[in-house]
Amino acid sequence: MKHVRSLIVLLVLILAFVTACSSGSNSGSSGNTSGSSNTSSNTSSNTSSGSGSGNAPSADPVTIRTVIKDVSASNPLYAQYFDALEAALLEHEGLNVNFEIVELAQGSYAEILNLMLLSGDIPDLIYFQGGDQPIAEQGLLEDLRPYIENSKYLKNIMMEHNIKRIESYPYLLWIKPVTPKVPVVRADWFNGTSTGKALLDNPTPDNYYAFFKELVDSGKAKFGITVAGDLAEINFIFNEAFGITSTWLKKDDGSYEYALISSAERDKLAFYNKLYKEGLFDNEYMTKQWDTKEDAFYKGDAGVIVGTAGKVVDLYEARMKELNGDNAGLMVLPPAKGVSQGFGATDVTKESRGFAISAVSEHKDVVFRILDFLASPEGQTLDRLGFEGQHYNIVDGKAVLTDAFYSEWVASFWEPIELNTTIPVESSLLGATAQEALEMPTKYFKEDNNFAIPEQYVATWDALTNIYKEYATDFITGKKPISDWQKFVDAWYANGGTDITKYANDLLK
């Protein structure tokens with residue numbers, strides 16, 4: 001396998017080199033390719049090349065090819081943003097750059113991105129939302145630790161979990177507060193139920209069941225909850241209540257067992273099956289994407305959805321009010337309570353999403369200087385506040401946020417807890433509901449005991465994950481009875497789970 005992987009890496013590097021050489025660009029740009037477009041035609045000539053090493057001024061801007069989920073140059077707001085970022089980099093850093101936004105086809109972002117990267121089309125700056133490990137293992141992503149160590153701003157805004165994650169996995173950076181996903185419901189619907197108070201007072205799985213059932217039986221919603229394609233979102237609510245408090249659970253004899261083969265997981269899936277059979281858990285949850293999940297919530301098909309704590313909740317609330325009136329504000333529901341309570345342990349082995357720099361980019365220093373600038377007061381002012389006159393107005397020397405800020409503006413890069421902008425901000429960057437969503441998980445914070453899967457077990461781990469997904473789906477939908485649980489556990493151990501469990505116990509003891 002190592003020889004095959006090495007050959008793949010060599011072929012990708014050769015293809016990337018040939019692509020770069022054939023583009024005919026003096027600035028090192030790969031030029032316009034199918035499915036990509038420039039956001040501007042910056043031609044200023046009074047700056048350095050942006051390498052960060054004092055190179056002679058360049059008459060041409062350095063083109064930085066960038067791919068980010070849901071970011072398109074055809075979106076006027078993003079076109080405006082990257083134009084403004086280019087101008088800010090020129091003014092404050094002397095960097096003469098031109099962002100070329102790479103457009104991807106519709107579908108699974110992680111899968112389509114990886115296909116593009118493995119074909120040899122590797123942008124300079126890459127946003128990952130899953131699927132980064134296979135790319136990193138092939139040597140295609142840059143180790144960010146030396147850049148961060150020598151940074152001017154970034155190292156000062158990283159939080160404890162960021163520091164731990166970058167040390168463990170140095171290819172992905174995502175400076176945001178710990179933001180698990182939290183359940184939200186229309187406040188007017190919640191207030192119109194008889195089961196809502198009991199849910200807040202004692203949010204057991206049974207009380208969640210009763211609440212979902214009332215939402216459906218009353219005709220408010222078609223189903224109690226929907227999720228985007230898998231169990232990750234609903235697990236934020238129920239995992240700890242059923243005893244799934246970490247990735248590896250410590251048993252009475254002191255040994256560790258993988259949580260997803262435990263009796264706690266069996267009981268949780270049996271509960272999901274009950275919701276599914278009674279139509280309280282969307283029977284089409286497996287085919288839902290993030291957008292169709294949200295549409296089901298806005299239309300009233302789903303009573304509850306789960307969204308990332310913080311700004312995402314602001315966007316949900318603004319959209320809900322726009323479609324259903326000002327009374328249709330949202331409220332955050334607590335995590336279910338049982339064996340334990342919380343939104344799940346926090347994995348500090350790596351970032352689950354974030355920005356990476358291509359290891360074959362000719363402009364790695366320039367790309368990092370861009371990321372570092374975005375951590376500066378000037379960069380934070382643009383990225384966090386948006387545009388003056390549109391997302392905020394200056395009143396008595398302070399930035400007063402507009403309705404457009406809360407309804408449409410999302411920071412594209414870094415969101416450290418401490419806001420450090422060039423302009424003092426009069427109010428919170430989050431609405432009241434979103435602020436509650438961000439604060440609620442902090443009282444439940446705990447670190448997970450997860451660990452990075454060693455390379456020799458990666459293929460095995462992927463196979464075991466697929467076995468779990470297949471059985472879990474069948475248990476929930478009723479294709480297999482929960483009494484077949486031991487068959488699943490035996491299959492998991494037989495296909496490599498025994499070796500990985502031994503490795504985990506040697507590591508965690």
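Reader: Why is the contact between R319 and E322 called a salt bridge?

Author: In this predicted model, the side chains of R319 and E322 come to 3.2 Å, N to O, and a salt bridge is defined as a side-chain nitrogen of Lys or Arg within 4 Å of a carboxyl oxygen of Asp or Glu, so the pair qualifies. Local features need pLDDT of at least 70 and side-chain atom pairs count only at pLDDT 80 or more, while totals for chains, interfaces and linings use all residues. Residues are numbered from 1 along each chain as its sequence is written, and side-chain values use heavy atoms, with hydrogens and water left out.

Reader: What makes R319 partly exposed, and what makes E322 exposed?

Author: Buried means under 20% relative accessible area, exposed over 50%, and partly exposed in between (1.4 Å probe, protein chains only); R319, at 34%, is therefore partly exposed, whereas E322, at 59%, is exposed. Salt bridges that share partners also join R65, E100 and D121 into one network.

Reader: How do you know that K164 and E160 form a salt bridge, and how are they placed in helix α7?

Author: Their closest N and O atoms are 3.4 Å apart, which meets the distance criterion because the limit is 4 Å. K164 and E160 lie four residues apart in helix α7 (residues 160-168), about one helical turn, a helix being a DSSP run of H or I with at least four residues, numbered from the N terminus.

Technical notes:
Helix = DSSP H or I, 4+ residues; strand = E, 2+ residues; numbered from the N terminus.
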